[in-house]
Every structure is written in structure tokens, then in C-alpha cells.
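Please examine the sequence and the structure before reading on.

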Amino acid sequence: MSKYKNLKTLVIRLRDDLNNPTKPTALVLIYAYNRTGKTRLSMEFKDAGKRKHKTKNPTGTPDTLYFNAFTEDLFVWENDLDGDSVRRLQLNEQSSFFNAMTELALDETIARYLSRYADFDFDFTYKEVQEGGETLFKPDYVSFSKGGEANIKVSRGEQNIFIWCVFMAICERMLDGHESYQGKKYLYIDDPISSLDDNNAISVACDLAKLLRRAATRKNADGAPAPIKVIFSSHHALFFNVMCNEVGRKIDDAPSVAHRRYFLHRPSGDGTYMLQSTEDTPFFHHVATLAELQRAADPKKGKLYTFHFNALRSVMEKTASFFGHPSIAFCLRALDNEEDRALFNRALNLLSHGAYAIHEPTEMGEDNKELFRRILREFITRFEFALPGNAPARPPAPAPAPAPEEAPAQ
């Protein structure tokens, strides 16, 4: 596990991973919870690739093609509020992202990807744009149709999957060696599946893994290796897991892709980042919650609010469900102290009402804080949760068996 004081130093580490001369890797997979800073990390990586450097990049040419929330924001709905009939998705003409779309002839490739996930059609409308004395044809907007109905408004999930298909089509042209992307050495893909259901998430992950295999094994016109290095990050556990499985296994005669997997998290609010190497499936939501609760319960640095009882209850419910039990009584029975079990039940009943909700945070009283810390500590220990940045909790030594009772005198 490594600690980084800011995003800039973390980006240096990631670029070193991709360009390590002794043990190079073509792909870095990062799992991180929401609000960790994945989008900011992707932008810092992109910015680092266009800074001028005497030997590595003397002209300051951008070296990264990226997908993140900023990419999605290049598409904005024009809903025709006056006529309420001609709805379209407007493209930001100022972005260089669309500069080569006319030359790339992407429609067929976009349609091929889109047909796997959705059942609507699209049509780009182009216009002339003057840039630096040069006339460019750039896409102005895209309209959608379905079943003979034109200018329909698609759902947010359908919109996002369409934008993703546009990006995948551009990636294919990049891997083909199109002149518009000659300076690009890296792909950075952050959370491409917002608003998708699990079925589409799996389909997108499989298609993306296939594309990343192609990027890792890419060769130039002379047949020499010319891989496009990739960083992929996600908060979606299922998507991340499918990606790991797909790139990590051999397919037909193709070997597995050399890659590294990391768990990225922020142990405190001071701006530092922890990068933890892992070969396991990602840390799931309940583990993240427990880690947050443990930080909140720290007597020196944390602050406990009444809604933390509900968060702990939610984790206990998930744990009980995993073991096939219908309620948290299963978890409570694992606690040694019968008095604590009763107190915890009472606290949950009292502190789960509106006046104590997360939107109206109320700090716990000292008695409740101590009760919460005891139950959290014993729960983590009993079920041996391995939390990010911590060694797995050791199970308590079993209590000695009670001495056999003597038979009553006859």
C-alpha cells in the first residue's frame, strides 16, 4: 500500500506503472468508491500529458484520449420548450473531441455498438465551423427516432450509452492508427456506465475488455509492438469484476493482458490518497461503510452522529442476509454482551426517526458513542472484516467451556 499527498504525485505513480522499463504493464484497473476523486484523477492524468517537457513532450501535444463526466457534458439536450416536438442532443462545437468526426465515418461503428444495448436510431446533423482561419465540418446535433417516431427524447441511461458508443467508435479509429490520433499514447476511461442496469453493465464491460485487449496487443505498420496504454477506473463493483475476469483470462490463442489492479481510497479528509494493490474482487459497499464508520468512531479524529446507528444496522442486515438469516438478530446473537444487544436494539428504535435523519445530523451523546464503538468493534472482530488500510481483525479467543454441572443429589 502506498500513500500519495496529492493527485499530481499519484499520476506520476500511474504513469510510471505504465512505462516501467523492467516490468511494463498495458493496463491499470482502479476500483474506488464515489467521492474518492476518480474524475479529478482522470483530468490530472490528462493535464500531465499535455505539459511541455524538454525531452518527453517538447511541443506540449496532448497524449491522452479520455472518457469521464466531462465527456458526457459535451452533449446537452435541446428540448424545444416552445414547440415541444423537435427534441435533439446538442454537441459542444468548441470541443476538439468532435474535430475529426466527419473524416472518421463513425456512424456505422456507433450503430454496431448501439444495437447491442438499445433499440433506437440516431442521425447526426453537421455544420461549418471556422477555427483559426480553417473551415471544419463538425457535428451540430444528433436526433433520435424509434418505430417511425422522429425527434424522440431518450432516457438518461440511453443517452449515456449512446455517448459511450460514440467514444468506443472513436477508440477503434485511434487503434486503427488514424492520423487524428497519432500523438495519443494513453486511454483513460472513468466510470463509463452511469445509469445502466446490471445486464447492460456486463455487456458493456465485455465489449470494453475486448477493445482493451486490442489496445494492449496493438502493432504498428511495421509489425512492431505499439500498445496504447490504458487506465480504467470505476465505482461499480460488478462492472469492475467483469473487467478483471475478462482481461485476466486467456481467450483462444490470445494470452491474458498484463495488468495491475488497485483499490484507491482516501483514509482522511486531508487530501492524501492510498493506493492498495489487490488481486481480489473489489471491496464492496458494506466494507466501505464499515471503514467510514470506523473512522467516525475514532475518539480523536472522528465524529459520531445518530444516523451512524442506521448505517451500522444496514451493514448488519446485509451480513445477516448473506448468511441466509432474515434479520439482524443473527448478528446481535454473535455479540458477547447480552446487555449490549438490548441497548443496541433500543438505540436503533429510538434513533431511526426523522429528527435524527442524515439531513438533520445530531451528534451522539457520550453514552451512545461508547455503546456504538463497542458494538462496531465487536461486530468487525466477530465477522473478521478486512477493511481498507487495516489488517484483518483477529477473532477473539473462544471462551472456556463451562465446567460440567454436578448431578443433583438423589
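## The chain as a whole

The model under discussion is predicted. Its chain holds 13 helices and eleven strands.

Of the 410 residues in the chain, 46% count as buried. Among contacts with a separation of 6 or more, 68% are accounted for by residues 24 or more positions apart.

## Helix α13

Helix α13 comprises residues 366–382. Its 17 residues reach 24 Å from the first C-alpha to the last, which is close to the 24 Å expected at 1.5 Å a residue. The buried residues of α13 include Leu371, Phe372, Ile375, Leu376 and Phe379, as well as Lys369, Arg373 and Glu378.

After α13 comes Glu384, which has a positive phi, near 55 degrees.

## Packing of α10 against α13

How are α10 and α13 arranged relative to each other? Helix α10 (residues 307–322) packs with α13 at an angle of about 20 degrees, and the two axes lie 11 Å apart. Because of that angle, α10 is roughly parallel to α13. The crossing of α10 past α13 is left-handed.

On the α10 side, the residues that meet α13 are His308, Phe309, Leu312, Val315, Met316 and Thr319. Their counterparts in α13 are Asn368, Leu371, Phe372, Ile375, Leu376 and Phe379. By type, the residues of this contact comprise nine nonpolar, three polar and no charged.

Technical notes: Residues numbered from 1 in each chain as written. Predicted model: local features only at pLDDT ≥ 70, side-chain atom pairs only at ≥ 80, totals over all residues. Heavy atoms only, no water. Axes fitted to C-alpha atoms, helices over the stretch in contact; angles between N-to-C directions. Helix = DSSP H or I, 4+ residues; strand = E, 2+ residues; numbered from the N terminus. Parallel < 35°, antiparallel > 145°, perpendicular 65-115°, else oblique. Left-handed = near helix turned anticlockwise from the far one by under 90°. Contact = heavy atoms within 4.5 Å. Nonpolar A, V, L, I, M, F, W, Y, C, P; charged D, E, K, R; others polar. Expected span 1.5 Å × (residues − 1). Buried < 20%, exposed > 50% of the residue type's maximum accessible area, 1.4 Å probe, protein only.
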